[in-house]
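Biologist: I'm new to this one. Can you put it on the screen and take my questions as they come?
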Amino acid sequence: MTTYDRHASAPASDEFVEQVRDAYEHLYDLVYLRTHPLLAALINDADLPRHRRAWQLHELLIQAIDELDPGPDAPVLSREWRRYRLMMLRYVDGLSPEETADRLAISVRQLYRELGSAMQAIATVIWDRCERERAQRIQGTASEADMQAPGLSDRVELLRIEAARASTAGHHTRLSVVVDGLLPLLAERLEEHGIQVQLEMPADLPLVAPDQALIRQLLLGLCGHLIERAFGATLRLWARQERDEVVLTIAMAPTERVATPTDSIDTSMASFAEMARASHAELKPLDAAVTGFEVRLPCAPLRTLLAIDDNQDWLDYLAHILEPAGYTVIPARTASEGIELAASLKPLAITLDLMMPEQDGWDLLRVLLERDDTRMIPVIVCSVLQQRELALSLGATAFLRKPVDEVALLALLDELRQS
């Protein structure tokens, strides 16, 4: 065992590990979680409504992923760091297995092997919690507050913790991707209530600043709130840009409403308001909380990176890893195009390949550093050649050897952005 593994304990049973795996595969399907076997083990208050218990299980599973964080002293390529990152990408950021494997620079086959290890570790974290609570109940030492499932204040605190983690990650979100991902999760409830969906999501909307997982939780809660209170209706979601905000309207045009106690609506609204604040969003009900909502999300700050490289695969890779972090990657496939774009765009930084058509990369670096209109732009040389010392001596800001590590590149860009 390494010094970074903080989760050495009695292993969970194979059956429990499979239950945990199943819960994560349905993490955002709150209807499915209402009858999940983990509820009996993890959520003690059986008097709570099923949808509240499902929401608490959802939050507990996300919190358990944070428990895998090996801390700042763990090497970036350690097994503990990789399984934590895997769980974050797969179940918090919602990436597919193929996308997750790509981010971790491993094969899909290796991903599934690593996922098995990660599930065993996270099941042990949750199992230990169950054992501690069971021991407290037997000994009678648990306070009344400890014996209760998390209430609204606990849920708010979890959201604040998650919002803080998301804000340090620096990842931003394409709203249309989040909305498209909601529909499969809501399909069963939409069918049960006879509700149709209309989407109006312009393709040119800018990225928004809040993290994808936070926005998904907020929109899932808002849509679920409206669906459960209407039959034979049309749920409309449409978005538009207003200056530095993206405004999403979620509205229900019901033909028949379900009678709902006022206190139940008030409780839901308090929860949604806290979720919106955690997401740095502004939430406003429409005519009534059973009719719809307007959600205002701040646009992600514009961060432009100029990538001078004739390799399309490399350009696609940069866009893939940098767009979620709020960067716009502008490609230049020739030296002349790169010089022209650098002068006109004044990007945050330039990534430069040394082996370019038309003009050698070393010559291009010299030109960029000599011109008055480009000399102040940081140049990051990215190459398969082992020429770090030469690149730095000629004036490059940094040198990264291909294949470039995603974490190292993002950390470097973040440092440049703050300088």
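Biologist: In the hairpin of E3 and E4, which residue takes a positive phi?
Modeller: Arg-243 does, with a phi near 55°. The hairpin has 2 residues between its strands. Bear in mind that this is a predicted model.

Biologist: How many bridges join E3 to E4?
Modeller: There are 9, and the two strands run antiparallel. E3 covers residues 234–242. Arg-236 stands opposite Ala-251 of E4.

Biologist: What else is E4 joined to?
Modeller: Strand E7, residues 292–298, through 7 bridges, again antiparallel. Val-246 has Leu-297 in E7 as its bridge partner.

Biologist: Why is E4 called largely enclosed?
Modeller: Because 7 of its 9 residues, in the stretch 245–253, are buried. Buried here means under 20% relative accessible area.

Biologist: Changing topic. Which residues touch the most other members of the largest nonpolar core?
Modeller: Tyr-24, Met-87, Leu-175, Leu-219 and Leu-235, out of 80 residues in that core. Helix H7, residues 108–139, gives the largest share, 10 residues.

Biologist: What is Met-87 in contact with?
Modeller: Apart from neighbours within four places in sequence, the contacts include Tyr-24, Ile-65, Leu-68 and Val-92. Leu-115, Ala-118, Met-119 and Ile-122 are also among them.

Biologist: Where is Leu-385 found?
Modeller: In the loop between strand E11 (379–383) and helix H16 (388–393). Leu-385 has a relative accessible area of 31%, so it counts as partly exposed.

Definitions and conventions. Residues numbered from 1 in each chain as written. Predicted model: local features only at pLDDT ≥ 70, side-chain atom pairs only at ≥ 80, totals over all residues. Heavy atoms only, no water. Helix = DSSP H or I, 4+ residues; strand = E, 2+ residues; numbered from the N terminus. Buried < 20%, exposed > 50% of the residue type's maximum accessible area, 1.4 Å probe, protein only. Core = buried A, V, L, I, M, F, W, Y, C linked by side-chain atoms within 4.5 Å. Contact = heavy atoms within 4.5 Å. Pairing = 2+ DSSP bridges.
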